[in-house]
Amino acid sequence: MDYLIKERFVHRYMTRLLAVGVLAVLMVSVVPVAHAAEIKELETGMLFGGLHGMANESVVVNSTLEDLPAIAEDYTATWCGNCVEVGNALETVAENISMEIYAVHRNIYETQDPLGNENVDARFRDRYDIYAPEFKPPVAGINGKYALRGSNPVGDSLESDFADLATQPRNLGEGLVTMAWTPAGENSGTVVWSINQSNDAVYNVNVWMVETVAYYPDGTNNQIYYHHIVREIIDVGTVTDVGLSTGTKQITYADAYDDDDLEVHLMFHEYIEPVVVEEEEQPEPETEDTPFISMPLTILALLAVALRQQRQ
């Protein structure tokens, strides 16, 4: 009798132990893995420019290619709490080095943020497609060449990460960029641009309409004022040759979210011919190639055997 009682106790103990093991394995299989922060290097073309002035004023500005500011794109949303930390870090860096910040507010499939623009969001997604399909902010892009997602630093701090990326060589060569802007009535004006470059590169030339600051107290990230908002991107020309390229275009643009504080920014985006990769047909995976799935099933089978023995 004592032997039978001891045997039943052992069976029950082993059964519970197997059950705990199965639960542990299944829990591990569904818990998402936290990925460390990582800087991505993009292959979608350099982004540079940043010459700007108020849209309601006549402006003439110029700069050598070497002296142009770094360009920081801040993919953000009014509901995004950790976007505030990223935005503050970019502001700190811009106080110490020459850098222009452009806040791209999420717009596609967006219901809570009224500060975005579908065209602006689509262009951002096209350049930063490594974060497809969800495109969840925050994402910080530097000079169109580097990207860091989330608010966790790679190095000592976000500030040091962004400062390091913003000061990386851009290799734009020697040259000069100019922009002249003349307002022509309500929500319109004429932009005259030129670039004299020594590199053999192709650029799309854009005007970015940027709202200096917008008041929106209904966001859920405890911010009231939002800065550097890219409200619209307008194509104004292309650059295809070494040497001097120029262009003139009259444009119309949409209203700011509030007030009359739109700025005109001249931007150049390098065009890189996309590489078409033919997808090879993948063979069907064999059962032996999926040990992670078979292990929980094996344990379940052992558990079933133990339960059957207990009943006997």
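Predicted model: local features only at pLDDT ≥ 70, side-chain atom pairs only at ≥ 80, totals over all residues.
**Strand pairing and aromatic contacts**

Strand S9 (residues 188-197) and strand S12 run antiparallel and are joined by 10 bridges. Strands of a sheet pair through backbone hydrogen bonds, in either a parallel or an antiparallel manner.

The wider setting comes next. S9 and S12 belong to an open sheet of four strands, in the order S3-S8-S9-S12, with antiparallel pairing. Strand S3 (59-64) and S12 are the edge strands, each pairing on one side only. From one strand to the next, the twist averages 10 degrees.

Searching the whole structure gives 11 aromatic pairs. Among them is the tilted pair of Trp-181 and Tyr-253, with 6.4 Å centre to centre and 50 degrees between the planes. Trp-181 is part of strand S8 (residues 175-183), while Tyr-253 sits in the loop between strand S12 (243-252) and strand S13 (262-270), so this pair ties together parts that are 72 residues apart in sequence. Both Trp-181 and Tyr-253 are buried.

Tyr-203 and Phe-268 form another aromatic pair, this one edge-to-face, at 6.4 Å centre to centre and with 80 degrees between the planes. Here too, distant parts of the chain are linked: Tyr-203 lies in strand S10 (residues 203-215) and Phe-268 in strand S13, 65 residues apart. Tyr-203 and Phe-268 are both buried. Together with Phe-48 and Trp-193, these two residues form one aromatic cluster.

Key:
Residues numbered from 1 in each chain as written. Heavy atoms only, no water. Phe/Tyr/Trp six-rings, centres within 6.5 Å; stacked < 30°, edge-to-face > 60°. Helix = DSSP H or I, 4+ residues; strand = E, 2+ residues; numbered from the N terminus. Buried < 20%, exposed > 50% of the residue type's maximum accessible area, 1.4 Å probe, protein only. Pairing = 2+ DSSP bridges. Axes fitted to C-alpha atoms, helices over the stretch in contact; angles between N-to-C directions.
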